[in-house]
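Thanks for coming, everyone. Please take a look at the structure on the screen before I start talking.

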Amino acid sequence: MRVRRRRRRNFTRVYILAVCLLITLAGVVAAGFMGGSQEENPVVAESGIERSDDYMHVMVMGVDRRSDDAGRSDTLMVVTVNKTAGRAEILSLPRDTRVKIEGNGYDKINHAYAFGGSKLTRKTVEELLGVPMDYYVLVDVKAFERIIDAMDGIDIDVEKRMYYEDPWDDNGGLVIDLYPGMQHMTGDKAIQYVRYRDGEGDIGRIGRQQHFMQAVTDKMLSPAILPKLPQLVEEIRSAVETDMPLTDMVALAQLLPSIREQGMESVMVPGRPAYLEDVSYWLPDIMGLRTLVSRQMEAELADKALANAEKVREQYDESLPKGLTVMAESTEAAAGGTAAGTVKPADDNSAGAGDTQEGARESQVQKPAKAEGPGGISVLIINDSGINGAAARLADRLRARGFNVTGVDTGRKSDRSHTIIVTDSSNTEWFYGMPFPCTIMDGGEPNEAVVYIGQDYE
């Protein structure tokens, strides 16, 4: 779900980090990485969250490197591994998460890589979560398509109709055209699945990331992957770097069958979406996040940790700039629901498994009910006009009309001439009478819309 715009460079819908972590472990015999160590961040040491040798924290970054800049870690997550129980949990950090970056004030967390590479990103993540990272894994996202093709594709059960066509896309036109149901995907099709953007924001994105990650895990642990390992290893060599010692990689690889059997819970940093002018942010719930991190290690926050979290929260709230518009209440990251849940493979041997899967597929193919009003339509706004503040002003106008604006963003294009609204045809009536010229294109679902602002908006 989601048409993409400026984030085309960031494949952030991919969960490619989790994927490549799994791929790296599977191809460990050819990795040949040297181990590394890092001094514990003193700020983390003061957080009061007690560490346990039973757990390992791995920070995974998906970076789109370019010849003219260092790139950004536009896909970022932390994998917490319970080495004793053979379980793993994934914490997704939205690229727009507003954090304090040493020497650069408050900014989006994905900018930390541009400012100081993996080292500064690691320190920023540690200070946000209150726990040190044991290792990092960095993935060149441009290798994503090649890696999936080297695996001979993956099978994904697409949860809904995904269609979008953007003839103005910088790469000569973008077409995303997927139907609900189980289908085999090449690297190109898999990119379409994870790139799709809609009004659901990070909540919908993480659901797709879960599906994608499970599909890759299933393929990596299947006998069919064995003859493809030589080519796969070569792609991994050029795509992944890490400071994880070979011994730990082997030990972690041995846990993969247990991790797959028990399922991997995937959660997102709890918080609220907000925007300032045309810049979108995710404001983390510090107290909720620290509680979540402790829960992943099966512990409770001690008094010292609670006091530290409260101090950090107060400092964070005081740093919020004037004019910041919060778009929704706090989003919890507890297990269950769309934002977080346990991804487990279906048990083909269980009674009624076929009926259950068929019923689930039929429910996925059913078209969502038509929105009964603008409040039922989630709207994402992308400013491609080059007009400063246009997206923020349009967001205010749409919210005044009752629409549910879930995000604003500045597009990579700044010369789109005409404003376009991409939405299902059943939504058309709710967009009639807009106080600016626009064209409505069919795409998405009845409860979603994406607005691309052109120079004719103002």
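I will go through a strand, some salt bridges and a charged patch.

First, the ground rules. This is a predicted model, where local features need pLDDT of at least 70, side-chain atom pairs count only at pLDDT 80 or more, and totals for chains, interfaces and linings use all residues. Residues are numbered from 1 along each chain as its sequence is written, and side-chain values use heavy atoms, with hydrogens and water left out.

Let's start with strand E6, residues 135-140. Strands here are DSSP runs of E with at least two residues, helices are runs of H or I with at least four, and both are numbered from the N terminus. How many of the six residues of E6 are buried? Six of six. Buried means under 20% relative accessible area, exposed means over 50%, and partly exposed is in between, with a 1.4 Å probe and protein chains only. Both faces of E6 are covered. Tyr135, Val137 and Val139 sit on one side. Tyr136, Leu138 and Asp140 sit on the other.

Now the neighbours of E6. Strand E1, residues 55-63, pairs with E6 in the parallel sense, over six bridges. Pairing requires that DSSP finds at least two bridges between two strands. Strand E11, residues 240-242, pairs with E6 in the antiparallel sense, over three bridges. Look at valine 139. Its bridge partners include glycine 62 and, in E11, valine 240.

Next, salt bridges. The structure holds 13 of them. The cut-off is a side-chain nitrogen of Lys or Arg within 4 Å of a carboxyl oxygen of Asp or Glu.

Take aspartate 243 and arginine 122. Their closest N and O atoms are 3.0 Å apart. The pair links distant parts of the chain, 121 residues apart: aspartate 243 is in the loop between E11 and helix H8 (246-262), and arginine 122 is in helix H3, residues 111-129. Are these two buried or exposed? Aspartate 243 is buried, at 10% relative accessible area. Arginine 122 is buried too, at 3%.

Now glutamate 298 and arginine 87. Here the closest N and O atoms are 2.6 Å apart. This pair also links distant parts of the chain, 211 residues apart. Glutamate 298 lies in the loop between H9 and helix H10 (303-319), and arginine 87 is in strand E3, residues 87-92. Glutamate 298 is exposed, at 56%, while arginine 87 is partly exposed, at 30%. In helix H9 itself, residues 286-296, the buried residues include Ile286, Leu289 and Leu292.

Glutamate 310 and arginine 313 have their closest N and O atoms 2.4 Å apart. They are three residues apart in helix H10, so about one helical turn separates them. Glutamate 310 is partly exposed, at 27%, and arginine 313 is also partly exposed, at 27%.

Salt bridges link Glu89, Glu265 and Arg295.

One more stop: alanine 274, in strand E13, residues 271-276. Alanine 274 is buried, with a relative accessible area of 0%. Its C-alpha atom is 10.0 Å from that of threonine 97, 177 residues away along the chain.

That covers my tour. Questions, please.
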